[in-house]
Amino acid sequence: MEETSIKRIAQCHPKVREKFLAAYNEAVKVTPIGVHPFVTQAMRTFAESDALYALGRTKVNPDGKSSKKPLGNIVSNAKAGQSYHNYGLAIDFVNQVNGDAKWDVDANWMKVVAVFKKHGFSWGGDWKTFKDYPHFEYTFGLSVSQLKAKWDRGDTFQQDGYTYVNI
């Protein structure tokens, strides 16, 4: 088992951590030899969200930088507190094919999607407006606004070096 992905899943909210791990382990089993799902992001701090939000807006992102886009590509539409990542309820992944990241939404990608959906996760590729193909989330039926309200009123707990909202 690949350690970086497991460590990232271990950052997720304790109430969903095992669910992420079970889906991930099954996704590893259904992908062929040479193809491996890799978790690129799990828990994201508020500061990390603001830094990603700034890329392509107020900070230069080398990716996509051109004369027409001097600040490069926009990376995220979520400011601090506006992402399920901020609450440990989301992960992003990519398939590594023979060790190289492959962002193509192909048959192997869809095998991973099918597994996570079977485990009850929502997939960003199903979103109506902004498609986020690497993204899975488990929200317990809570909106980010509800989670942010819990955060703001201190309805939180500390565990494993992270602050989580009570769910």
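Trainee: What pattern does the protein follow when read along the sequence?

Mentor: In this predicted model, the order of elements is α-α-β-α-β-β-α-β-β-α-β-β. The protein has 5 helices and 7 strands.

Trainee: Why does the radius of gyration of the protein agree with that of a compact globule?

Mentor: For 167 residues, a compact globule would have a radius of gyration near 15 Å, and the protein has 16 Å, so the two agree. Along the principal axes, the C-alpha atoms fill a box of roughly 45 × 45 × 30 Å.

Trainee: What share of the residues is buried, and what share of the contacts between residues at least 6 apart joins residues at least 24 apart?

Mentor: Buried residues account for 40% of the 167 residues. Of the contacts between residues at least 6 apart in sequence, 61% join residues at least 24 apart.

Trainee: Why is helix 2 called roughly antiparallel to helix 4?

Mentor: The axes of helix 2 (residues 14-30) and helix 4 (residues 107-118) cross at roughly 150° and come within 9 Å. Angles over 145 degrees count as roughly antiparallel, and therefore helix 2 is described as roughly antiparallel to helix 4. The crossing of helix 2 with helix 4 is right-handed.

Trainee: Which residues of helix 2 and helix 4 meet, and how are they divided by class?

Mentor: Helix 2 contributes F20, A23, Y24, E26, A27 and V30, which meet K111, V112, V115, F116 and K118 of helix 4. By class, this contact has 8 nonpolar residues, 3 charged residues and no polar ones.

Trainee: What makes K150 count as buried?

Mentor: K150 has a relative accessible area of 16%. Buried means under 20%, so K150 is classed as buried. K150 lies in helix 5 (residues 144-152). Not counting residues up to four places away in sequence, K150 touches L142, D155, T156, V165 and N166.

Trainee: Why is F130 called partly exposed?

Mentor: The relative accessibility of F130 is 42%. The partly exposed class lies between the 20% limit for buried and the 50% limit for exposed, so F130 counts as partly exposed.

Trainee: Where does F130 lie, and which residues does F130 contact beyond its neighbours within four places in sequence?

Mentor: F130 is found in the loop between strand 4 (122-123) and strand 5 (135-137). Leaving those neighbours aside, F130 is in contact with N77 and G124. The C-alpha atoms of F130 and Y53 are separated by 15 Å, the two residues being 77 residues apart along the chain.

Notes:
Residues numbered from 1 in each chain as written. Predicted model: local features only at pLDDT ≥ 70, side-chain atom pairs only at ≥ 80, totals over all residues. Heavy atoms only, no water. Axes fitted to C-alpha atoms, helices over the stretch in contact; angles between N-to-C directions. Helix = DSSP H or I, 4+ residues; strand = E, 2+ residues; numbered from the N terminus. Parallel < 35°, antiparallel > 145°, perpendicular 65-115°, else oblique. Left-handed = near helix turned anticlockwise from the far one by under 90°. Contact = heavy atoms within 4.5 Å. Nonpolar A, V, L, I, M, F, W, Y, C, P; charged D, E, K, R; others polar. Buried < 20%, exposed > 50% of the residue type's maximum accessible area, 1.4 Å probe, protein only. Rg over C-alpha atoms; globule rule 2.2 N^0.38 Å.
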